Each structure stands twice: as structure tokens, then as C-alpha cells.
Amino acid sequence: MAGYRRPYRPSEARQQKGQTAPQEPDLVPIMNLFLTIIPFLMMMITISVSLMALNFASDAGGGAGGSGGGGGNQDKILEIHLMLRQSESLELFPGMEIREPGSTIHKLPWLSENVYDFHSLNDLLARLKEKYSETTEIAVVVHPDVLYDTLIRTIDLCKTNGFVTVHYRSPQAMYAY
Amino acid sequence: MSFNSKTNKGRRQVRRKVQDSKQLSITSLLDVLTIILVFLIKNVSMEAVKISELPDMIYPTTMSTDKLMENAMVTPVKLYMHKVLLGVENLTLGTPKDIVENQETRRIMEAFFLTDYDAIPEDKKREACLVVQADAQLPCGYITQIVSVGTSVGYENIYFATLEEADWLRTYSSASSQ
């Protein structure tokens, strides 16, 4: 029959494939990668959270009190002396000595070997904060043989009682035992 | 003929043209993991790695803690009872005793701090931090030396690494009364 033309349509061949389940991308390798990375990252997070830093204004210029740090008149701030050795002549005793800017000295001997009276220090610092409410500075004079743990606990109590600017000092005079 | 509802007789069986996929769909799990991954990557910084907790060191505990300065240039120093390690590379300096007694060791330490400090851009020098990670049972004389050398080089911020313990004072008191 002349003049008959088949209407245009997509190739029939493409329609002849049988229906199959929709193809999902293979996510298993990605999952493997994620499951490897996540425990590693979580481990790092746990570490960084459990470790904290305690900062302070340092003016330990090599033993002689030094300069710099938080500024202000450092001769007129409270001082906490941390000592370990006993010496009558040098007026040293194992424990803590808190010196007020005037002449008042509070002595807190240790309770037993390497057990300092932090409870009394905490109470004393709270009272001193009420007395010197305008200052936030305090100096910790630490003798070389005092344990690092004692120093950190002392600085910590200073900070929790409102003396947030802590100056770190070593004794001005060296001494022989 | 009565219809018995308890039996499968007479129930019409439907056959599916496409068989169900037996694979577990992990797309939703992948979504959750992606969210966790983004959150974790955001929280993990390189500075945290620099001051990571060392398993073989006993840290002192504190109630108050300070956060490390943002974008701080950190130089870590690790003081064990028997060795001193410098920087992220953990370069062995010697023993803590060497810091006090050996002038050459102090000179090497100063040179290291100076190199690290000089590498910091001029506009970020005020944010340079020296992070001291020391064993709780170490005498403070060694810490004083580190602090002294650090401040002489120019570090304005010195941090002590501690572990947070909110009620150490109560525990300490009870321990001392025993």
C-alpha cells in the first residue's frame, strides 16, 4: 500500500529486556571505610576531652622571682610557699606558708609525709579572698624538691578561690641542706 | 461445600514477578555514619593530638581547667620520671636530672624551643604555648627549669596538662585522714 508509513517510536529492541530489580550502588566498601575511620576518630575525641590544660601567668625568670607575667605590683600580692624539707636555721618546714602582703604569715604543716593540708589551705584562701576581694593575683613559690602534684593542686585551689592570675616563682635564695 | 477458614485451601496464591532482594539495606546506616563522621572530624583538631594523654604518665588532677587558646601554636614537652621528650616529634633530650645538672642539655633544650618559636609567624607569636606534660611525682625543680627556659625564649603562655577531677579535695582529705 502506497503512502503508509509506520509512526515514529523508540526502538522496540530497547523495550524487550526483561524487568530486573532496581540496581543499588554498592555501599559496602564505603561502609568499611567509615567503620575504620570512626573508631579512630572517637578514640582521639576521648583523649582530647579527658586531658585539660591549666594555664597560669609565669614570672619564673630562672629562680630570682623574675618579671613579666600578669603585671601589677607583685611585691604586694599574696604568696604561698611550698616546702618539703625541714631546716630550723632557714625557717623551712614541710608544708605550706601563706604570706599576706603585710606581715601576717599562716603556717600549714603537712599532715603526714607528702600529704599537704589542702583542706585548710582551701578555707584560708576563701577567707583571704574575702579580705582581698579586689585582687585576683597570687604567687606560688615552689621549692625544687616539692612534687609537681602538690604544685598543681595548690594552683588549682588558688584558681577555684578566685585568684585566677597565678605567678610561678622559685625561691629567691638557694639553700644547702 | 462449606468454606474452612482455618485451612489454606482456597486461598489465592500471589506470585510476584520480581523476586524480593535478600540484601540488607544499609543506606540508612550509612546516613547515620556520615553524620557521625562529620561531627567527629569537626571536633578533632591537630592541637588535641599534640597534647594527647600519654598512657604511661600519671597526671595531676585539678578542679579548674582552662581551654587551650584557639589556633595556638603548641610546643609540647613531656617529662617522665626517667626521660624528657621534646616537641611533636618526641625528640629525646635526656633525663630530668640532666636538665638541672647538665648545661649542654639545657642549651639543646633552649635551641629547640628557639627553633620552634622562630618558626611561628610574627603575628601569632603571642599565641605561642608551651604545654608541659609532667608526671605527678616529679620534683618541681625540673618544671622550674622548663618554665625558666621557655619564658626566656619568649613563650608567653605556659600550660600544665592535668586530668579533670571535680572532687579531688574531698578524696584527698579522706585519704589523708586514714
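Biologist: Before we start, what are the ground rules for the names and for the confidence cut-offs?

Modeller: Residues are numbered from 1 along each chain as its sequence is written, while chains are lettered from A and ligands numbered from 1 in the order in which they are written. This is a predicted model, where local features need pLDDT of at least 70, side-chain atom pairs count only at pLDDT 80 or more, and totals for chains, interfaces and linings use all residues.

Biologist: Where is confidence lowest in chain A, and where is it highest?

Modeller: pLDDT is the predictor's confidence in each residue, from 0 to 100. Where it is low, the predicted coordinates should not be read in detail. Chain A has a mean pLDDT of 76, with 67% of its residues at 70 or more. Its lowest element is strand β1 (residues 51-58), at a mean of 57, and its highest is helix α2 (residues 118-131), at 93. Residues 60-72 of chain A fall below 50, yet this stretch has 30 contacts in the model beyond near neighbours in sequence; a contact is two C-beta atoms, placed from the backbone, within 7 Å. Chain B has a mean of 80, and 77% of its residues reach 70 or more.

Biologist: What pattern does chain A follow along the sequence?

Modeller: Helices (H or I, at least four residues) and strands (E, at least two) are DSSP runs, numbered from the N terminus. Chain A has 3 helices and 6 strands, in the pattern α-β-β-β-β-α-β-α-β.

Biologist: And which strands pair with β3(A)?

Modeller: Two strands pair if DSSP finds at least two bridges between them. Strand β2 (residues 78-83) of chain A pairs with β3 (residues 95-99) in the antiparallel sense over 5 bridges, and Leu82(A) has Met96(A) as its bridge partner. On to β4 (residues 105-109) of chain A: it is also antiparallel to β3(A), over 5 bridges, with Arg99(A) opposite Ile105(A). β3(A) and β4(A) form a hairpin with 5 residues between them.

Biologist: How do I read the sides of α2(A)?

Modeller: An α-helix has 3.6 residues a turn, so residues three or four places apart point the same way. A residue is buried if 20 or more other C-beta atoms, placed from the backbone, lie within 10 Å of its own, exposed if 12 or fewer, and partly exposed in between. In α2(A), Phe118(A), Leu121(A), Leu125(A) and Leu128(A) are buried. They cover an arc of only 75 degrees around the axis, so they sit on the same side of α2(A); that arc is taken from the directions from the helix axis to the C-beta atoms. The face turned away carries exposed Asp123(A), Arg127(A), Glu130(A) and Lys131(A).

Biologist: Which residues touch the most other members of the largest nonpolar core?

Modeller: In soluble globular proteins, nonpolar side chains tend to be buried together. A nonpolar core is a set of buried Ala, Val, Leu, Ile, Met, Phe, Trp, Tyr and Cys residues joined through C-beta atoms within 7 Å. Here the largest has 59 residues, and Leu82(A), Ile138(A), Val140(A), Leu151(A), Cys129(B) and Val132(B) touch the most other members. Helix α5 (residues 140-153) of chain B gives the most to this core, with 7 residues.

Biologist: Why does Asp149(A) count as buried?

Modeller: Asp149(A) counts as buried because it has 21 C-beta neighbours inside 10 Å. It lies in helix α3 (residues 148-160) of chain A. Leaving aside neighbours within four places in sequence, Asp149(A) is in contact with Pro60(B), Ala136(B) and Gln137(B).
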